[in-house]
Amino acid sequence: MEKIFKYKDKVIKYLGVLLVCIGVLGLVFSLFGENITSQKKESNKTHLLCIGVDKFEIMSEREQVYNSIGQADGIFLITIDETKKTVDIVAVPRDTIVTIEKYYSNMEYMGEEEAQICLQYAYADGLENSCELMVDRVEELFEGVKIDNYVAINMASVIEINTVIGGVDVIVNNADTAQKMGVEVGESVHLNWENISLYLQSRDKAEAQSAYGRMERLKDYVKAFIPRALEAVKENPAIIGEVMTVLGANLVTDLDADETASLAMVLSDLSAENITYCTLEGEVIMGEDGYEEFYPDSAKLEKIIQQIK
């Protein structure tokens, strides 16, 4: 049975960490880098592909249960306007159907296949090649938008960085989540390493559209995370070193020192009111293999493309 609705992805949890990672990296480069200069670009916009990989192992290792290099569980096309100091964030559903290029981990070519876009990351090396292939697929989807850089992180960094900054305070508005966490609806909760996974990931799969409630919690987390992380760095600059240690093998990016410092400068002046979020809308059907397939609404996709180009 076909169903039209606004597809609510489950992975906004990666987003705040990705943005703050850029800011932290930029601060590190600006403090300790040598001969860093601002480079002029033809466009005042930077298009950044942020990828959240669904594993806890370091990026170069396969996850233990399924022996997979990981899938692109979170896919965000982020447009940073350096003149207007605005950020537009578009979440791409992991089940979006595209033509993927399949490679073994040694990058020996296997062929092409119509499949969920999240699998493109898995069919490569789990490092730079996986990210570059994801860039190709997203550029094909957002025809005419040139992606400048990519950043990919795993789940471990989300939890560990939350711990490093001292945790984040959120309001629990979902009854099921409140019950699982042993608190009242509307109560403020401090998220630490013991309860963050429960808050971010739990949902009642038997409940219709329970993913929507989780999406709203994840957005609340992002909004609380970004200012808290920046505040923590200002309070204790030594946190930068801890965050860099966490990122280490848990992050893959092609951002160089100049690019990162430039983006960090823009993000440091950014206010929450200047960040907009949206998720691709379209049609979801159940595929013959039993997995959901997402097909974007072409008119709405074109509208987004024109907005961010």
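**Note on the predicted model**

1. Cys50 has a relative accessibility of 0% and therefore counts as buried (buried is under 20% relative accessible area, exposed over 50%, partly exposed in between, with a 1.4 Å probe and protein chains only). Cys131 is likewise buried, its relative accessible area being 0%. The number of disulfides is zero, a disulfide being a pair of cysteine sulfur atoms within 2.5 Å.

2. This is a predicted model, in which local features need pLDDT of at least 70 and side-chain atom pairs count only at pLDDT 80 or more, while totals for chains, interfaces and linings use all residues. Residues are numbered from 1 along each chain as its sequence is written, and side-chain values use heavy atoms, with hydrogens and water left out.

3. An open sheet of mixed pairing is formed by six strands, ordered β10-β7-β2-β3-β4-β11. Strands are DSSP runs (E, at least two residues) numbered from the N terminus, and two of them pair if DSSP finds at least two bridges between them. At the edges stand β10 (251–253) and β11 (275–279); each has a single partner strand, so one side of each is left without a neighbour in the sheet.

4. The pairing of β10 with β7 (residues 149–154) is antiparallel and comprises three bridges. Within it, Leu251 of β10 is the bridge partner of Ile153.

5. Gly70 lies in the loop between β2 (45–53) and β3 (72–81) and is buried, at 2% relative accessibility. Beyond its neighbours within four places in sequence, Gly70 is in contact (heavy atoms within 4.5 Å) with Val53, Asp54, Lys55, Tyr121 and Ala122. The C-alpha atoms of Gly70 and Ala124 are 9.9 Å apart, with a separation of 54 residues along the chain.

Terms used. Helices (H or I, at least four residues) and strands (E, at least two) are DSSP runs, numbered from the N terminus.
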